[in-house]
Amino acid sequence: MPKGVQLACDVGTVRIGIARSDFHGILATPLDAIPAGESSTAQVKALIDEYEVQEIIVGLPLMMNGTEGPSAQMARDWAAELEALTVCSIRMVDERLTTVQAQRGLHAAGRTVKNSRASIDSASAVVLLQSVLDSQKKDTP
């Protein structure tokens, strides 16, 4: 299991949801989402420097049949742009159903779809990163 902070990015057309792990890779926590656009990779680069990130997880929004569509290509293009700004490794991870799981969690906490719009992207990034952290724990002897 890698040591150091991992950062997860849920790339969308409006916002980039962001979550980070603790140094030991136990718990994912949300950070404020970043508006999508030309400066989004520079803003993520600032977070990479601030938290001394070791690895970046970028959600790959595959279609339900496992193929890539336009959203997956957008995420790959965004990750390539970010990769040019950092020496951190970037890993693309299947993010199917993370938004659904995040919405269920927010709903269970009393949030509605309407009042959770601002936080759903980072909540999805938390779900993505926590699943990566949990799988790393299983793979550690």
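Leu-97 sits in the loop between β5 (89-94) and α3, where helices (H or I, at least four residues) and strands (E, at least two) are DSSP runs numbered from the N terminus. Keep in mind that this is a predicted model: local features need pLDDT of at least 70, side-chain atom pairs count only at pLDDT 80 or more, and totals for chains, interfaces and linings use all residues. Residues are numbered from 1 along each chain as its sequence is written, and side-chain values use heavy atoms, with hydrogens and water left out.

Back to Leu-97: its phi is near 75°, a positive value in a residue other than glycine. Most residues other than glycine have a negative phi. With 52% relative accessibility, Leu-97 counts as exposed; the cut-offs are under 20% relative accessible area for buried, over 50% for exposed and partly exposed in between, using a 1.4 Å probe and protein chains only. Glu-52 is another residue with a positive phi, near 50°. Glu-52 lies in the loop between α1 and β4 and is exposed, at 61% relative accessible area.

Now for the helices. Two packed helices are described by the angle between their axes and the distance between the axes. Helix α3 (residues 98-108) packs on α4 at an angle of about 110°, and their axes are 8 Å apart. Here the axes are lines fitted to C-alpha atoms, for helices over the stretch in contact, and angles run from 0 to 180 degrees between N-to-C directions. That makes α3 and α4 roughly perpendicular to each other, given that angles under 35 degrees count as roughly parallel, over 145 as roughly antiparallel, 65 to 115 as roughly perpendicular and the rest as oblique. On the α3 side, Thr-98, Thr-99, Gln-101, Ala-102, Gln-103 and Leu-106 meet Ser-119, Ile-120, Ala-123, Ser-124, Val-127 and Leu-128 of α4, contact being heavy atoms within 4.5 Å. By class, this contact of α3 with α4 has 6 nonpolar, 6 polar and no charged residues; Ala, Val, Leu, Ile, Met, Phe, Trp, Tyr, Cys and Pro count as nonpolar, Asp, Glu, Lys and Arg as charged, and the others, Gly among them, as polar.

Helix α4 (residues 117-139) also holds Asp-121. Asp-121 is buried, at 15% relative accessible area, and, leaving aside neighbours within four places in sequence, is in contact with Asp-10, Arg-15 and Gly-17.

The other pair to look at is α1 (residues 40-51) and α2 (residues 70-83), which pack at about 55° with axes 9 Å apart. They are therefore oblique to each other, and their crossing is right-handed. Ser-40, Thr-41, Val-44, Lys-45 and Ile-48 in α1 meet Trp-78, Glu-81 and Leu-82 in α2. Sorted by class, the contact of α1 with α2 has 4 nonpolar, 2 polar and 2 charged residues.

Leu-62 is buried, at 17% relative accessible area. Beyond its neighbours within four places in sequence, Leu-62 is in contact with Thr-67, Glu-68, Asp-94 and Arg-96.

Last, the cysteines. Cys-9 is buried at 0% relative accessibility, and Cys-88 is buried at 10%.

Conventions. A crossing is left-handed if the near helix is turned anticlockwise from the far one by less than a right angle, and right-handed if clockwise.
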